[in-house]
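Here's a quick briefing on a two-chain model, written for someone who likes cut-offs spelled out. Have a look at the structure first, then read on.

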Amino acid sequence: MYAYVARRLLLAIPILITASMLAFTLVDLSGDPIADLILRLQQSTADGSVPQATIDAERERLYLDRSMPERYWLWLTGIGGNGDIGLLQGEWGPSVRAENHDIGGEIGSRFLVTFRLVLIAVFMAIGLAIVTGVISAVRQYRKTDYVLTFVGFLALAMPTFWLAALIKETGIWVNKRVGSTLFYTIGATSPDTRDLSFAENAGDVAGHLILPTLALMLTGYAAASRYQRSAMLDVLNSDYIRLARAKGLRNGVVMRRHALRTALIPIATFAPLAIAGAFSGVVIVEFIFNWRGLGTYLLESIVNNDSYAVMGWLVLAGTLVVCANLVADLLYAALDPRIRYA
Amino acid sequence: MHDLAAPTLDTEPAGAERGQGRLVLRRFLRHRLAVASLVVFVLVVLFAFAGPLLWKWDHLLHREIPSLAPPGAEHPFGTTRAGNDVLAQVMRGTQQSLKVALTVAVLATGIGSVWGAVAGFYRGWIDTVMMRIVDVVFVIPFLAVAASLSGAVRGGVTWFHIAVILGLVGWMGTARVVRAMVLSVREQEFIEAARAVGASDLRIIFRHLVPNTTGVIIVAATLEIATAILAEAGLSFVGLGIQPPDTSLGLLISSATSAAFTRPWLFYFPGVFIILICLTVNFIGDGLRDALDPRQTMVRR
C-alpha cells in the first residue's frame, strides 16, 4: 500500500513537470507582460516617451531579458536568479503588478478562503446528490424519478454564472424587501471584522458563505446525482440483493445494510475529483460575489498579464488534480475489498 | 411502444450496413424525449441562423429603438438601455455560441478520436507515450489556460479564436474513451479475420475500428457541444471571450446580471437559450447512446 502511494507520487512528478512546461509555454505565448506597463508609463509622461532604461530595468526584474527555456528553468529552480524566483525554493517569482507584490503570500492567504467554499459546497452537493440519486433509483421510472432526473439534467445544462447571478440578485431582492441584510452578497467577510469576537466572526464568515455555496453546489450536484442513481441501480439489479430479498430480509434492511453501503463506494471516489473540478466553477462564483479568493486572483492575474501569478495558480490547480486522483484511487481500495494495490 | 415490425429488421442479414443505420434510427425515434429535443434543437438552430435574415433589426445599436422597452409587439424580447433589440441580440448570441460549440465539438472529437484510436490500436510504447501526454494535458485546468490565451488576443478575439482554443484544450476526455473502446474492439474476431486476409493497418483502423467506435464518438461529441457552450459563455461572462460590439449569450447575461429583477427580459432570455441548447443536446446524446448501443435490441428476449 505504502509502496503504491510512493510509486504514484513519484509518477506524478514527471507529469507535473511536463505539464508545467506546457503551461509555461502557453502562458508565455499569451502576451508580453510589460506591454501594459509601457502603455501606462506612456500615458503618465507628458510627451508620451518612456526612457529605455526604465523598460530595460523592468524586463530584467521580470527576467524577460532571458530566453523562454532559461526562464522556465529559473522559474522552477531559481538557480541563477535574484532569490525572488524558483518554485522549488518556495519562491513564486516577481509580479508585474508591483515590486512588493508577493505572489506566494497572496495565493497562500486566498487559498483557505477558496478551499473553505469549495469543500463545503462539494460536500453539500454530494450529500444532496446521494439522497436524490438513491430515491431516484429506488423509485425508478416513477414520477419521483422523472422529476429528479429532470432536475439533474437541468442542473447539468445551467450555466454556473447564470444561477449564481440569479441567487445573488434574489438575495439582494429579499434584503430590500425585509429592509435589513438577511443575506450577504458581497465579499467573503464583512469589510471590518477587527472588533468582532470569535463567535461573531464565525457567524460573519458563515453568513457570507451561504449564497456562494448554494451557487457552487450546482456544478457538483449535476454530475453526482446522475452518478449515484446509476450506481444504486447497478446494485439493486445485482444477484446478492436478489438473494437478500429471497432470504426474506425486510426491505429496509436490504436497502440500508446491503444496497446503500455498496452504492456509496463510487460516489466516495467521485468526491475528490469533484473538489478539483469545483476549482473552475469557483472562479465564476467568486467573480459574482466579489470574493477576494483564488478564483478572482486568477482573473486579475490574467487581465494584468501577470505570468508568474498565472503559472502559480496553474501549478497549484494541477497539483490538486493529481492529489485528488490519488486520493480517489486510494479511497476506492479502502472501501472496496475486491481492490488491492500492491 | 414496441413496434411489431422490428424483429424482421433484426433478422435481415442482407444489406447489413443500411439495416444497421435504419435500426439505429428506429431505436432513436422510439426515444420520445430525444426526438422532441432534436426538434427543439433544430428550431433553435433555425432561430439562430435564419432568424437574423428575417428579423428587421440586427444586434447593433439603433437610434430608433426605444430605451429599456419591456417585451411587446414591436420588440418581442424587449430592448436594452442603450437601444438594442434583445431578440436580435439573442439570435446573434445563439448563433455565435452555436458556431463556437460546433467547431469545438468537431475539433475536440476529431483530435480526441484519432489520438485515442491510434494509441489503442498500436498499444505498446506508442500508447504509453500518447496516453501520458493526455495525462499531462489533463492536469492543466483547461478553462484557465483558455482564459489566459484568449486574454492574449485582446481586442481581436473572435468566435473562431475562442473555438480553436477551446477545441485544442478539450479533446482528452474523448481520447481516453475512444482508446478504451478500441482496445476492446481490436481483440475481437473480425479484426483478426481482416488481418488474416491481409488488410493494412489503415484499412483496419478506418474500415473496422472507427465504424465500431462511432457510437462512443458521437455521444462524446454531443457532450462536447454542451461543455463548449457553457465554457464559451463563462469566458465571455468574465470578459475573456467574445468582445463587443459582437455578442454572445454569455456576454448578454454578463451585462444584465443586476437586471434580473428590475428588467428580467435582459437576463432571462439569453439564459433560457443556453439552458435550452444544453438540455436538448444532452437529451439527444442520451437518445443516441441508447440507439447506438448494440446490446440493446428492440426484441424482448
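A residue counts as buried if 20 or more other C-beta atoms lie within 10 Å of its own, exposed if 12 or fewer, and partly exposed in between, with the C-beta atoms placed from the backbone. By that count B:S200 is exposed, because it has 11 other C-beta atoms within 10 Å. Keep in mind that this is a predicted model, where local features need pLDDT of at least 70, side-chain atom pairs count only at pLDDT 80 or more, and totals for chains, interfaces and linings use all residues. Residues are numbered from 1 along each chain as its sequence is written, while chains are lettered from A and ligands numbered from 1 in the order in which they are written.

**Chain A overall**

- Chain A has 12 helices and zero strands; helices (H or I, at least four residues) and strands (E, at least two) are DSSP runs, numbered from the N terminus.
- Of its 342 residues, 38% count as buried.
- Along the principal axes, the C-alpha atoms of chain A fill a box of roughly 90 × 60 × 40 Å.
- Take the contacts in chain A between residues at least 6 apart in sequence: 69% of them join residues at least 24 apart. Here two residues are in contact if their C-beta atoms, placed from the backbone, lie within 7 Å.

**Where the chains meet**

- Chain A puts 38 residues into the contact and chain B puts in 31 residues.
- On the chain A side, the elements giving two or more residues are α1 (2-29), α6 (143-157), α7 (160-178), α10 (251-288), α11 (294-303) and α12 (307-335).
- Which element gives the most to that side? That's α1(A), with nine residues.
- By class, the chain A side has 32 nonpolar, five polar and one charged. Ala, Val, Leu, Ile, Met, Phe, Trp, Tyr, Cys and Pro count as nonpolar, Asp, Glu, Lys and Arg as charged, and the others, Gly among them, as polar.

- The 15 residues of α6(A) should span 21 Å at 1.5 Å a residue, and its end C-alpha atoms are 21 Å apart, which agrees. The expected span is 1.5 Å times one less than the number of residues.
- Buried residues of α6(A) include A:L148, A:G152 and A:F153. The buried set packs against α5 (103-138) and α8 of chain A together with α11 and α13 of chain B.
- For α7(A), 19 residues should span 27 Å, and the end C-alpha atoms are 27 Å apart, which agrees.
- Among the buried residues of α7(A) are A:W162, A:K168, A:E169 and A:G171.
- The buried residues of α7(A) pack against α8 (198-236) and α10 of chain A, plus α11, α12 (249-254) and α13 (264-292) of chain B.
- After α7(A) comes A:G179, whose phi is positive, near 90°.

**Helix pairs**

- In chain A, the axes of α10(A) and α12(A) come within 8 Å and cross at roughly 175°. Axes are lines fitted to C-alpha atoms, for helices over the stretch in contact, and angles run from 0 to 180 degrees between N-to-C directions.
- α10(A) and α12(A) are therefore roughly antiparallel to each other; angles under 35 degrees count as roughly parallel, over 145 as roughly antiparallel, 65 to 115 as roughly perpendicular and the rest as oblique.
- Residues meeting there include A:P272 and A:F279 in α10(A), and A:Y332 and A:L335 in α12(A). The contact divides into 16 nonpolar, one polar and no charged.
- Over in chain B, α5 (residues 86-122) and α11 (residues 201-237) have axes that come within 7 Å and cross at roughly 140°, which makes α5(B) oblique to α11(B).
- The contact of α5(B) with α11(B) has 18 nonpolar, four polar and two charged residues.
- α11(B) also packs with α13(B), at an angle of about 170° with their axes 8 Å apart, so α11(B) is roughly antiparallel to α13(B).
- That contact takes in B:C278, B:N282 and B:R289 of α13(B), among others, and its residues divide into 15 nonpolar, four polar and one charged.

**Back to B:S200**

- B:S200 is found in the loop between α10 (189-196) and α11 of chain B.
- B:I275 is 75 residues away along the chain, and its C-alpha atom is separated from that of B:S200 by 46 Å.
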